[in-house]
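Please examine the structure shown below.

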Amino acid sequence: MKYFGGFDIGSRTCKGIIIDHSGELVTYRVIKTGPDNKERAKKIFEELQVEIESEVEEVVSTGYGRNNIEFADQEITEITCHARGINFLFPEVEVLIDIGGQDSKVIELDQAGKVINFSMNNKCAAGTGKFLEMMALTLDIDINRLGELAKKSDEPISLSNVCSVFAESEVISHLHSGVKIENIVGGLCNSVANQIMKQVKSIGKSESIAMSGGVAKNSGVVKALEKKLNQNLKVADKPQLVGALGAALLARERS
């Protein structure tokens, strides 16, 4: 059997997956990127090959660190890979919202998974995983609990600042005023959703939307976006792997 690899070297995590000739996910790894993403990706690749007891036919790398992956046969942008990955999972999707560690993208794609148009956030961390990570640290809670807490919000705060630094001061002020953590978290999720909606509007299309990236695991942000979009978002079981999956599928197409 032939195997194909996709490696998404993001700002926060390094994802590596192996698929078979049918596109079925065989195995994967996700670790923190760290300062030496080249060595971390190599370590993952070696572990995955040992696990499948076979060599990998073709490898495509993507993400911020894609050019550092020496064992990759080709480097492809994360926008192209995310579009290809989500098209494989949800062929009917026309728009993809991808929220990663340090950026957010809204991608319009055709029925073949090719990119038609896209919008990226500016260099500010607002509307990204980094923003939520900083706020979770300020609140002294595990970032994985944000979605659970947001569900219990009955009166979410409204943040006047999207800048992470000023938003942090605002959050601290709300804490000192006795505002429930659930309502602060609900407001944070709404703030991220508001930033993403600006990008969705710039694309000019809002039908059949999916979401990928690590933030898609945060049910609070997903629900906030669904409310604003007035539709249910399609979210993969492992949304953080969509880019790596797209890379692996493109590797299969190259062979």
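In which sense do strand β6 and strand β7 pair, and over how many bridges? Strand β6 (residues 95–99) and strand β7 (residues 104–109) pair in the antiparallel sense over 5 bridges. This is a predicted model, in which local features need pLDDT of at least 70, side-chain atom pairs count only at pLDDT 80 or more, and totals for chains, interfaces and linings use all residues. Residues are numbered from 1 along each chain as its sequence is written, and side-chain values use heavy atoms, with hydrogens and water left out.

**Sheet**

- The order β8-β7-β6-β9-β10 describes an open sheet of 5 strands with mixed pairing; two strands pair if DSSP finds at least two bridges between them.
- Strands (E, at least two residues) and helices (H or I, at least four) are DSSP runs, numbered from the N terminus.
- β8 (115–120) and β10 (234–235) are the edge strands, each pairing on one side only.
- I97 has V106 of β7 as its bridge partner.
- Helix α2 (residues 78–89) packs on the sheet and touches β6, β7, β8 and β9 (209–212); contact means heavy atoms within 4.5 Å.
- The direction of α2 makes about 60 degrees with that of β7; angles run from 0 to 180 degrees between N-to-C directions.

**Helix pair**

- Helix α3 (residues 129–139) and helix α6 (residues 181–203) pack at an angle of about 165 degrees, their axes (lines fitted to C-alpha atoms over the stretch in contact) being 11 Å apart.
- α3 is therefore roughly antiparallel to α6, a term for angles over 145 degrees.
- F131, L132, M135 and L139 of α3 make the contact with I184, V185, L188, S191 and V192 of α6.

Definitions and conventions:
Parallel < 35°, antiparallel > 145°, perpendicular 65-115°, else oblique.
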